[in-house]
Amino acid sequence: MGKVIVVTSGKGGVGKTTSTANLGTALALIGKTVAVVDADVGLRNLDVVMGLESRIIYTSMDVIEKQCELQKALVRDRRVEGLMLLAASQKNDKDDIQPEQMKSICQRLTVNYDFVLVDSPAGIERGFQNAAAGAEEAIIVTTPDVSAIRDADRIIGLLQNARVEPINLVLNRFSPDLVKSGNMLDKSDVLDILNIELLGIIPEDEAVIASTNRGIPLVHSTSSSAAQAYMRIARRLSGQQIPIPDLHAKNFFSGIMEWFSRKR
Amino acid sequence: MAHPIVTLRAYGDGLRLIIRPNLSITEIEEAIQQELARMNPPLSETSVQIDMRAPVLTDKELERLKTKLQKTYNLQTREVASPDETAAPVVVAAPATHTISQTLMLSHNESSEQSRIVPQTIRSGQTEDFPQGSLIIYGDVNQGAEVRAGGDVIVLGALRGSAHAGTNGRLSAVVIAMELVPLHLQIGNYINPPLLGQKSRGYPEIAHIGSKDIIVVERFVKF
Ligand SMILES: Nc1ncnc2c1ncn2[C@@H]1O[C@H](COP(=O)(O)OP(=O)(O)OP(=O)(O)O)[C@@H](O)[C@H]1O
Ligand SMILES: [Mg+2]
């Protein structure tokens, strides 16, 4: 039996879909069986980010309406063994699906897949509730800015009330340079407020945008720092103990100076 | 966020007027006027200590300011904290004080109050309301969260959101937090103005209504 993990944030555009696509692919690359589920009904784009858009015939709506079998609605990612996508309907609205129906789909997927990753829409309304309905665990994606953190905090409260546990954090679009110049909250500030376990830090990385546009998840090539960060998170999710490296600002010399000034 | 030009803050020993460094006397006077205009009822016949963290005013300007405080606002200057006074507390980012004062009856018998312990952090969007007595939070109160108690509010963590103590009108109610950096703070019907961008001062603090009819924030040592 696999487990269902919802990838959510509260605030929009912070990297939920990017994270779902990359973590799903990364988990498959290290030998796990994975189903990624797009719960952003009406605004689906997980299929686009994964480059599978053209191959979608059925969606979760068709499964709910019993137009097709669950297994038949899954699209196989041909680039890696063991990775499937269940797309969201674009014609429908988030209110057309009940939380119970999503929960049932997720639970049926755990029979055949080690990981079921659900890409949640932004917000705290029905779309989020549908996405979270079947989840045992959650990954909160946030960027290091106060409004995203406030929304993440709100979501964590809701998930805790729903007994989702553990709730882990992915800090996305982190820029050590901006932290150093005092224009971005540091990791410790974010963790102080949210007070949940940190799963990993994804740096701000132009390679993310390029990969989004090409429909090839970043982790297919390991060269970018964001890809490496996603690979480490996937290993952590699969139970391996991998330390989280601190990201450093670019200038080596200034790093040394900072180290000295901290020692005083 | 920029610090306000002048901050009026109450301490155990009275009011302190904290002036941001490197500003002209006209800017300062204007800011003082604005700060005092917000006071309701108006502050007067009290004494203030002028607190400057860096050399800002010449002796002559300082004299002018003192005279003006006396003549226009009826405020005595008790003393002027000199900038090289190393023991002076870092208070520039401390909460300003403000009062909306109406006479209220002390309606509560404290000893009959109950208390409720909340064993976790209160997060954005969550509210904890306990009109029957005091609230003790084993965790933080985050921005966007709200705690309200008929009695005291005690936060064994950081208070970043809203806190209202003494909702039943008990003006002896207090708010205590390990890090007192609230967005909103209210005791009885006394309200602090919204306080954005505060930094923790690294020690527990207590907010209570002081003898000068304003919310006083000071280091918490013991009850
Ligand atoms: N680490 C990063 N570095 C640079 N750009 C990023 C990073 N993470 C995400 N982005 C960009 O941010 C945009 C939003 O990302 P994404 O679609 O994954 O967010 P989302 O949380 O799913 O948004 P929505 O709430 O609309 O579903 C995309 O254009 C993506 O390329
Ligand atoms: Mg998305």
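Modeller: Two strands pair if DSSP finds at least two bridges between them. Helices (H or I, at least four residues) and strands (E, at least two) are DSSP runs, numbered from the N terminus. The model is predicted: local features need pLDDT of at least 70, side-chain atom pairs count only at pLDDT 80 or more, and totals for chains, interfaces and linings use all residues. Residues are numbered from 1 along each chain as its sequence is written, chains are lettered from A and ligands numbered from 1 in the order in which they are written, and side-chain values use heavy atoms, without hydrogens and water.

Biologist: In which sense do S11(B) and S14(B) pair?

Modeller: Antiparallel, over three bridges; S11 of chain B spans residues 175-180. B:Ile176 sits opposite B:Ile206 in S14(B).

Biologist: How many residues of strand S14 of chain B are buried?

Modeller: Four of its five, residues 205-209. Buried means under 20% relative accessible area, exposed over 50%, partly exposed in between (1.4 Å probe, protein chains only).

Biologist: And how many bridges join S14(B) to S15?

Modeller: Five, running antiparallel, with S15 of chain B at residues 215-219. B:Ile209 faces B:Ile215 there. Their hairpin has five residues between the strands, and B:Asp213 takes a positive phi near 65°.

Biologist: New topic. What is the strand order in the open sheet?

Modeller: S6-S8-S10-S12-S13 in chain B, with mixed pairing. The edges are S6 (127-130) and S13 (190-192), each pairing on one side only. Twist averages 5° from one strand to the next.

Biologist: Helices now. At what angle do H1 and H2 of chain B pack?

Modeller: About 25°, with axes 11 Å apart; H1 covers residues 25-37 and H2 59-73. Axes are lines fitted to C-alpha atoms, for helices over the stretch in contact, and angles run from 0 to 180 degrees between N-to-C directions.

Biologist: Which residues make the contact?

Modeller: Contact means heavy atoms within 4.5 Å. Among them are B:Ile28 and B:Ile32 of H1(B), and B:Leu65 and B:Leu69 of H2(B).
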